[in-house]
Amino acid sequence: MHLALPLLEGELWWSAIARHFELTGVTRPGVQSRVLVGNRRSTGSPSFPRQVSLAATRLGVSLNPSDILQQHTLLPIYSAFLDATRVTVAKATMLLNGHAEFHLGIATMRDYPRWLRACPICAEQDRKSFGCVPWRTIHQLPGVTVCPIHFVDLLESSVSARAATQIREYQTASQSEVLVKCRHPKITCDNDQRWLAQSAKDLLSWRGPFPGQNRLASFYRLRLQQLGYLDRHNRIAATRLTGDFNQRLSRLVNRIGHSLPCPSDRTNWLMRLLRPNQSTLSPACHLAMLRFIEVKPLSAVEEAAKLAPAELIRRQPFVAAVRTKRITNSQVNDHRARWSLALSNDMVCGLRKRHDSLYSWLWRNDRGWLRKSRRG
């Protein structure tokens with residue numbers, strides 16, 4: 001068995017399979033699954049399909065399964081901003097039979113698309129050129145609500161873009177009712193939305209090294225320091241940064257489906273972008289930050305890949321106070337023994353108050369040991 005029609009450039013792998021079944025007349029979901037992978041297991045979502053290796057072999061596709069993931073799924077846009085380990089595991093699960101959305105941590109992202117979308121102009125052009133309307137990757141990008149080519153509002157279909165636990169029917173855009181306007185407010189496409197759509201489209205074709213969240217955090221902090229949002233102690237002016245960000249991009253943030261960051265909120269997603277080990281943030285959040293600092297995404301990922309990854313700021317170990325020459329080792333040992341005895345005998349609160357002079361002496365002359373003894 002061979003794929004009835006070749007994959008089109010920029011087409012979802014799921015869409016090519018749907019076109020194959022439309023042409024061959026196989027419409028029952030259970031039969032489609034058996035033909036495709038030989039079993040009735042779920043074949044994943046349109047954005048992150050499963051069992052790609054087996055399906056490609058059974059359909060006789062000459063394209064390498066890894067190339068299918070890079071050219072015909074949404075994996076590249078998330079790979080640009082997530083941890084490399086997560087991406088590697090996600091690739092393995094998509095080639096076999098796993099849950100890529102779970103491993104990437106994107107199932108709970110607010111802008112993770114719920115329905116497949118299409119551009120009316122692209123659909124008409126594809127119908128004239130190919131006689132069908134494929135689902136294209138550039139129309140399913142997270143946070144993107146306009147076509148990156150024609151900058152018109154995308155039409156939202158009734159076909160789910162999420163993974164299903166049961167077997168589902170493959171549908172082409174021609175078979176679905178792509179009549180409902182995108183469920184976002186009717187806002188005129190502005191320069192920020194154009195920039196976001198074009199930037200996300202460019203990242204789909206990027207084949208260079210991806211920096212990951214920790215190196216991107218280093219890049220963001222470096223640029224914000226140049227813009228005056230970090231002081232010489234590397235501390236962030238969170239209130240001023242958040243206020244300026246909201247004033248500049250509030251319309252875009254609302255458009256992509258995210259809430260405006262608040263400096264008093266512990267889950268402030270803008271501040272999370274600047275911290276290491278925060279690897280489950282949406283690509284749309286990163287693109288909004290890049291828009292604020294006015295850096296092109298391809299330049300950002302290329303420069304960030306050369307930086308050292310950001311690390312958590314840890315408290316430096318306390319250095320004991322320097323003793324004067326009048327304090328001898330015998331005095332130190334004597335006071336340590338007395339404090340250890342007090343710790344072993346007094347099991348109630350108020351130990352410091354009852355042995356105030358002893359505690360004060362150790363605090364002045366042997367503070368490091370005192371802290372360790374209290375922790376013990």
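Colleague: Which residues form one aromatic cluster?

Modeller: The model is predicted. A search of the whole structure finds nine aromatic pairs. One aromatic cluster is made up of Y229, F245, W269 and F292.

Colleague: Are the rings of Y359 and W363 stacked or edge-to-face?

Modeller: A pair of aromatic rings is described by the distance of the centres and the angle of the planes. For Y359 and W363 the centres are 6.3 Å apart and the planes are at 10°. Planes under 30 degrees apart count as stacked. The pair is therefore stacked.

Colleague: In which helix do Y359 and W363 both lie?

Modeller: The two residues are four residues apart, about one turn of the helix. An α-helix has 3.6 residues a turn, so residues three or four places apart point the same way. The helix that holds both Y359 and W363 covers residues 356-365 and is α17.

Colleague: Is Y359 buried or exposed?

Modeller: Buried means under 20% relative accessible area. W363 has a relative accessible area of 30%, so W363 is partly exposed. Y359 has 9% relative accessibility and therefore counts as buried.

Colleague: Which backbone nitrogen lies 3.0 Å from a polar atom of the side chain of S45?

Modeller: S45 is found in the loop between α2 (29-37) and α3. Its relative accessibility is 0%, so S45 counts as buried. Leaving out residues up to four places away in sequence, S45 touches W14, E101, Y112, A161, R162 and A163. The backbone nitrogen 3.0 Å from a polar atom of the S45 side chain belongs to F48.

Colleague: Which residue caps the N-terminal end of α4?

Modeller: Helix α4 spans residues 65-72, and its buried residues are I68, L69, Q70 and H72. Those buried residues pack against α1 (13-24), α3 (52-58), α5 (75-79), α6 (84-95) and α9 (191-204). At the N-terminal end of α4, a side-chain oxygen of the capping residue lies 2.8 Å from the backbone nitrogen of S66. The capping residue is N64.

Colleague: What is the volume of the largest pocket?

Modeller: The largest pocket is lined by 15 residues, and E9, G10, Q71, T137 and I138 lie nearest its centre. Helices α4 and α9 each supply at least two residues of that lining. By type, the lining residues of the largest pocket divide into three nonpolar, seven polar and five charged. The volume of the largest pocket is about 400 Å³.

Key. Residues are numbered from 1 along each chain as its sequence is written. This is a predicted model: local features need pLDDT of at least 70, side-chain atom pairs count only at pLDDT 80 or more; totals for chains, interfaces and linings use all residues. Side-chain values use heavy atoms; hydrogens and water are left out. Buried means under 20% relative accessible area, exposed over 50%, partly exposed in between (1.4 Å probe, protein chains only). Contact means heavy atoms within 4.5 Å. A polar contact is a pair of N or O atoms within 3.5 Å; within protein, one must be able to donate a hydrogen and the other to accept it, and residues adjacent in sequence count only if both atoms are side-chain atoms. On a 1 Å grid over the protein atoms alone, a cavity is a set of points where a 1.4 Å probe fits but cannot get out, and a pocket is an open set with protein on both sides within 12 Å along at least five of seven lines; lining residues have an atom within 4 Å of a point. Grid points are joined across faces, edges and corners, and a volume is the space filled by probe spheres set on the points. Ala, Val, Leu, Ile, Met, Phe, Trp, Tyr, Cys and Pro count as nonpolar, Asp, Glu, Lys and Arg as charged, and the others, Gly among them, as polar. Rings of Phe, Tyr and Trp (its six-membered ring) pair if their centres lie within 6.5 Å; planes under 30 degrees apart count as stacked, over 60 as edge-to-face and the rest as tilted.
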